[in-house]
Amino acid sequence: METTNGTSINNHKFTIPAVNDVEQQQASMELEPTDDFNYSKRSQWLRAAVLGANDGLVSTAALMMGVGAVKQDIKAMILTGFAGLVAGACSMAIGEFVSVYSQLDIEVAQLKRDKLRDQNRETTDEEEEEKEESKGEKESLPNPLQASAASALSFSVGAMVPLLAASFIKEYKVRLGVVIGAVSLALAVFGWLGAVLGRAPRVRSAVRVLVGGWLAMAITFGLTKLIGSSGL
């Protein structure tokens with residue numbers, strides 16, 4: 001009996017997990033990501049907002065820097081920036097509306113073709129599931145008005161940065177320095193914010209946007225200065 005019991009006990013596999021194993025399993029469960037949000041759904045309005053803000057910031061600042069390269073008058077600089085704000089916001093809104101509406105037409109046409117195809121044949125369980133998925137896709141169709149408004153509003157917000165920075169400084173060189181500093185800070189913030197909302201690399205995005213803005217202002221300032229000094 002003892003031998004038999006001893007053998008059976010030795011051959012028995014214990015199923016009680018060790019304490020360390022339990023702690024490791026709990027830790028791994030806590031480390032597993034629980035955020036199932038699809039950040040690609042943000043891409044439409046996020047792209048319009050980030051593009052609009054960067055475009056408003058860079059284009060308005062570059063226009064003001066270009067005029068400031070040949071004319072030191074603060075009034076001319078402010079009027080140029082304001083004209084750039086209004087024209088750019090209208091252009092961005094119309095362009096975004098046309099672009100997103102074209103995408104909407106393509107997706108709606110595809111949904112209609114899929115619906116017509118399903119009506120011409122018998123449906124199975126898998127096809128019923130596909131229909132349910134298509135309904136969800138229809139709810140997530142791009143909104144042209146939303147993208148247009150986001151683009152125009154963000155452009156205006158971006159363009160206000162160099163305008164406000166230059167509005168209260170009469171000294172020419174100081175005004176240029178303040179505009180460059182304010183625009184650089186705003187570019188870095190917009191690049192970082194876009195990366196945070198889209199869960200992209202933050203530093204890389206901020207540096208990319210910042211360097212692009214610097215290049216745009218430098219090229220505009222340099223070419224305008226060159227043409228102005230040549231007497232054309």
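I take contact, or touching, to mean heavy atoms within 4.5 Å.

**Model.** I am working from a predicted model, in which local features need pLDDT of at least 70 and side-chain atom pairs count only at pLDDT 80 or more, while totals for chains, interfaces and linings use all residues. Residues are numbered from 1 along each chain as its sequence is written, and side-chain values use heavy atoms, with hydrogens and water left out.

**Thr60.** I looked up Thr60 and found it in helix H3, residues 43–70. I take helices as DSSP runs of H or I, at least four residues long, and strands as runs of E, at least two, numbered from the N terminus. Leaving out residues up to four places away in sequence, Thr60 touches Asp55, Gly81, Gly84, Leu85, Ala159 and Pro162. Thr60 has a relative accessible area of 0%, so I list it as buried (under 20%; exposed is over 50%, partly exposed in between; 1.4 Å probe, protein chains only).

**Gly158.** I then went to helix H6, residues 144–167, which holds Gly158. Gly158 is also buried, because its relative accessible area is 0%. Beyond four places in sequence, I find Gly158 in contact with Ala53, Gly56, Leu57 and Phe190. I also checked Ala186: its C-alpha is 8.0 Å from that of Gly158, at 28 residues' separation in sequence.

**UniProt record.** The unreviewed entry gives "transmembrane region" at residues 76–94, 149–169, 176–197 and 209–228. Positions are in the numbering used here, feature names are shortened, and annotations may be inferred rather than shown by experiment. I checked residues 149–169: 90% helix, 0% strand, with end C-alpha atoms 32 Å apart. For residues 209–228 I note 100% helix, 0% strand and 29 Å between the end C-alpha atoms.
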